[in-house]
Amino acid sequence: MDESDGLAPAVQSILDAAREREPAGGRVSVSPRLLPDALAAAEADGRAPTIAEVKPTSPTTEGEREDDPVALAEQMVAGGAAALSVLTEPEHFGGSPANLREIRDAVDVPVLRKDFLLREAQLDAVEADVVLLIARFLGDDLEPMLDAARERGFQALVEVHDRTELDRAVEAGADVIGVNNRDLAKLEVDLSTFEDVAPHVPEDVTLIAESGVSTPADVRRMRAAGADGLLVGSAIMDGDVTENTRTLVNA
Ligand SMILES: O=C(O)c1ccccc1NCC(=O)[C@H](O)[C@H](O)COP(=O)(O)O
């Protein structure tokens, strides 16, 4: 399979950049804060379990948010976020491993490293509680990357977009799966993607709805379709971050 087939030009550019990135330094070893526990604690507390994303910019966002990423992260936690996602991709999302390191030192919730990881060595760029592994981009390397992530202590959020990718993720042994509502071929967002895939996800998997969640109604819709957690970037980053987070977690 060619993982690049049919990708939007912006996504192809993200992948080309990711292929070039080779972090220096030794192998990391992580004692992770557990994502499923943090989501369950938020739920028990009456909050919609939300992973709020520090996403300075993106191919589908105009301009770049220049605020201190640590301040943004703290505002998200103050607004009730159960966990954080931090972009570490520098060229298309304005992120960095240093941002993640500083944020993880400053907060006590689990932190997901959001990047486009293609090779084992790239896992070692920075410690995080969870790493994102994208089924479409990893192809046959998904299972070895999942093993390599776990050997370092990371939890892995395996991202899928359709039934075929879901089957591959389950076969590889994924226990935290995100269904991305954003189609990486066209960059269009459609919440029915999650609704179509969710019924086929095994019960014991922690299931995350990713992308395109903008309103309390969207939160309720994804929860009704089976989401154990919601990954939200743009809708939280646009304006008052604490208030935006609070609005969604109180949905
Ligand atoms: O967000 C983008 O523009 C984007 C473009 C190309 C590839 C990936 C992209 N986003 C990555 C993400 O997974 C989202 O940042 C995340 O799911 C949050 O989505 P949203 O709430 O819609 O910002």
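**View 1. Secondary structure around the ligand.** Two elements, α1 (9-20) and β8 (229-232), each contribute at least two residues to the shell around the ligand; helices (H or I, at least four residues) and strands (E, at least two) are DSSP runs numbered from the N terminus. The model is predicted: local features need pLDDT of at least 70 and side-chain atom pairs pLDDT 80 or more, while totals for chains, interfaces and linings use all residues. Residues are numbered from 1 along each chain as its sequence is written, and side-chain values use heavy atoms, without hydrogens and water.

**View 2. The ligand shell.** The ligand is surrounded by 18 residues (a heavy atom within 4 Å), with Glu53, Lys55, Thr60, Lys114 and Ser234 the closest. By class, 8 are nonpolar, 6 polar and 4 charged (nonpolar: Ala, Val, Leu, Ile, Met, Phe, Trp, Tyr, Cys and Pro; charged: Asp, Glu, Lys and Arg; polar: the others, Gly among them).

View 3. Oxygen atoms of the ligand lie 2.4 Å from a polar side-chain atom of Lys114, 2.5 Å from a side-chain N or O atom of Thr60 and 2.8 Å from a polar backbone atom of Gly233. The protein covers 97% of the ligand's own 500 Å² of accessible area (Shrake-Rupley method, 1.4 Å probe).

**View 4. The largest pocket.** The largest pocket holds about 390 Å³ of space (an open set on a 1 Å grid over the protein atoms alone, with protein on both sides within 12 Å along at least five of seven lines; lining atoms within 4 Å of a point; volume filled by 1.4 Å probe spheres set on the points). Among its 28 lining residues, Lys55, Phe93, Lys114, Arg182 and Ser211 are closest to the centre. The ligand sits in this pocket (more than half of its atoms within 2 Å of the grid points).

How values were computed
Polar contact = N/O pair within 3.5 Å; in protein donor to acceptor, adjacent residues only side chain to side chain.
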